[in-house]
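Subject: Structure handover and findings

Hello,

Here is the structure we talked about passing on. Please look it over first; my notes follow below.

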Amino acid sequence: MTAEKARAMTTTLHDFLHQTTYADLPDEIRNFARRWLLDLIGVAAGGRGTSMSRIIHNHAARQFGGSGAQMLFDGRFVSPAGAALAGATTIDSLDAHDGHKLTKGHVGCGVFPSLLAFAQAEQLEDPQEFLTALVLGYEIGTRAGIALHRTAADYHTSGAWVALAVAALGARVLRLNAAQTREALGIAEYHGPRSQMMRTIDHPTMVKDGSGWGAMAGVSAAYLAQDGFTGAPALTVEQDAVTDLWADLGQNWRITEQYFKAYPVCRWAQPPLQAVLNLRKAHMLTSQDVARIEITTFHESRRLAVTAPKTTEEAQYSTAFPTAVGMVRGTCGPTDVEESSFSDPEIQRLARSMVIRESDIYNAAFPAKRIADVTLVLKDGRELQSGPTEAIGDPENPVSLETVVAKFRAYSEPVLGQRRMQDIETRVLGLGDHGDLTGLLPLLTAPL
């Protein structure tokens, strides 16, 4: 790419990033931002009880000292980078947050807690500006994710490209000029975690989707650029192969392309889980009716191979375990992927006896479609088939706002209590139209 063309692309991105206002956002886009924000807050509340969240919060308090921002649902002050790290890792600890098919990952998980940290550190009090910045984070993060998958040989975690979105938000909040903004994106891409996703799929641990480290790198990149630090050009923005992705900023709103997760497990495991739930309800079955479950799915779903999890990370990155939970309990929620569920003998029976195959047809459809079909082999000899099934909540068939609110309440009320939960819900759903940000921030940062 010529220097002139690179400047043109970064100018387009810079203008979109720094000049877009709340008035430029269609009502539909504002509503999507509120929807994903509420959902992310609920998942964060649900995730605060995990060991992963506890460890990262204590780590940030010890290693990321400062007074710029309070950590999400914790109250302790740390640097903005530390607050972003702790918040994004907490959301990532419970795999129930929104995602995007073509990025094969999650934008909001890193963008929201980073924006929260920037808002505190830089005294951002305008609720319309906060919501606008959140939208911009989704727009830039989604494109950066697609760009990385298109141009890189390996499959990297969300943190790799979320870092760019977070750096962009920092550039806006800090009012960086065009040259500084370009440097921020370059620093973020260079320092962002190019962590290999399938490694943690095969060996599920707390590193998960890299979102916390990506958020931390993005926040740091913005402040470094403000101080004059320079970075290599961000290829996911500037190279020829991705020009089309950045040409429609402000015209094609990719925040509408995110999916909603009904269950706190990897999206790849949700089609067979949904198929089992559908069959269970349609035929009024209990798990005692079922001899075994047979699944045909796509390769990445089959790679979620843990059948007897020992940690919540293994339970969330499993196809067999949550599918067995669904058959036994008729649902799969946060408590179902806690260690207390692992000893259930009926769940163990179905998970360990499960047969999982992959289909060339379903492989070819991935990642635009994530499809599975399930056969329930009953103890009386009958076989019930689900047919091709996708998870609920895809952007082509979005769930209602009522469904999003119900999930938020289910995840947050046991942690926050009814009054705090209701106050957050009211303020988030009205954000930008009435109310102020100063009333919301303490509700999100005060300790539990």
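First, a term. Buried means under 20% relative accessible area, exposed means over 50%, and partly exposed lies in between (1.4 Å probe, protein chains only). Helices (H or I, at least four residues) and strands (E, at least two) are DSSP runs, numbered from the N terminus.

Now the ground rules. This is a predicted model, where local features need pLDDT of at least 70, side-chain atom pairs count only at pLDDT 80 or more, and totals for chains, interfaces and linings use all residues. Residues are numbered from 1 along each chain as its sequence is written, and side-chain values use heavy atoms, with hydrogens and water left out.

Start with α3, residues 51–63. Its buried residues are M52, S53, I56, H57 and A60. They sit on the same side of α3, because they cover an arc of only 125° around the axis. That arc is taken from the directions from the helix axis to the C-beta atoms. As background, an α-helix has 3.6 residues a turn, so residues three or four places apart point the same way.

The cover over the buried residues of α3 includes α2 (27–47), β2 (77–78), α4 (80–92) and α15 (312–316). Contact here means heavy atoms within 4.5 Å. The α3 helix has 13 residues and reaches 18 Å from its first C-alpha to its last, close to the 18 Å expected at 1.5 Å a residue. The expected span is 1.5 Å times one less than the number of residues.

Next, α21 (residues 437–445). Here L437, L440, L441, L443, L444 and T445 are buried. The elements covering them include α2, β1 (69–70), α5, α6 (127–151) and α20 (418–429).

**Core**

A nonpolar core is a set of buried Ala, Val, Leu, Ile, Met, Phe, Trp, Tyr and Cys residues joined through side-chain atoms within 4.5 Å. The largest one holds 149 residues. Which of them touch the most other members? They are F112, I293, L376 and I424.

Take L376. Setting aside neighbours within four places in sequence, L376 is in contact with V276, L279, L285, V290, R292, I293, M327, R382, E383 and L384.

**Salt bridges**

The cut-off: a side-chain nitrogen of Lys or Arg within 4 Å of a carboxyl oxygen of Asp or Glu. By this rule there are 26 salt bridges.

One of them joins K101 and D394, at 3.4 Å, N to O. This pair links distant parts of the chain, 293 residues apart: K101 is in the loop between α4 and α5 (108–121), and D394 is in the loop between β6 (383–385) and α19 (401–416). Both K101 and D394 are buried.

K101 also forms a salt bridge with E396, the closest N and O atoms being 3.2 Å apart. Here too distant parts of the chain are linked: E396 is in the loop between β6 and α19, K101 in the loop between α4 and α5, 295 residues apart. E396 is exposed, with a relative accessible area of 52%. K101 is buried, at 6%. A network of salt bridges links K101, R267, D394 and E396.

Another pair is E294 and R357, at 3.7 Å, N to O. E294 lies in strand β3 (residues 290–297) and R357 in strand β4 (residues 355–358), 63 residues apart. E294 counts as buried because its relative accessibility is 15%. R357 is partly exposed, at 40%.

**A buried charge without a partner**

E300 sits in helix α14 (residues 299–302). E300 is buried yet has no salt bridge. The nearest side chain of opposite charge, K104, is 5.8 Å away. For charge, Lys and Arg count as positive and Asp and Glu as negative; His and the chain ends are not counted. What does E300 touch, not counting residues up to four places away in sequence? M198, W268 and F366.

**Two more residues**

A225 is in helix α10 (residues 211–226). A225 counts as buried because its relative accessibility is 2%. Beyond its neighbours within four places in sequence, A225 is in contact with L176, Q180, E183, A184 and I187.

E339 is in the loop between α16 (320–329) and α17 (345–352). At 43% relative accessibility, E339 counts as partly exposed. E339 touches K310, T311 and T312, not counting residues up to four places away in sequence.

Best regards
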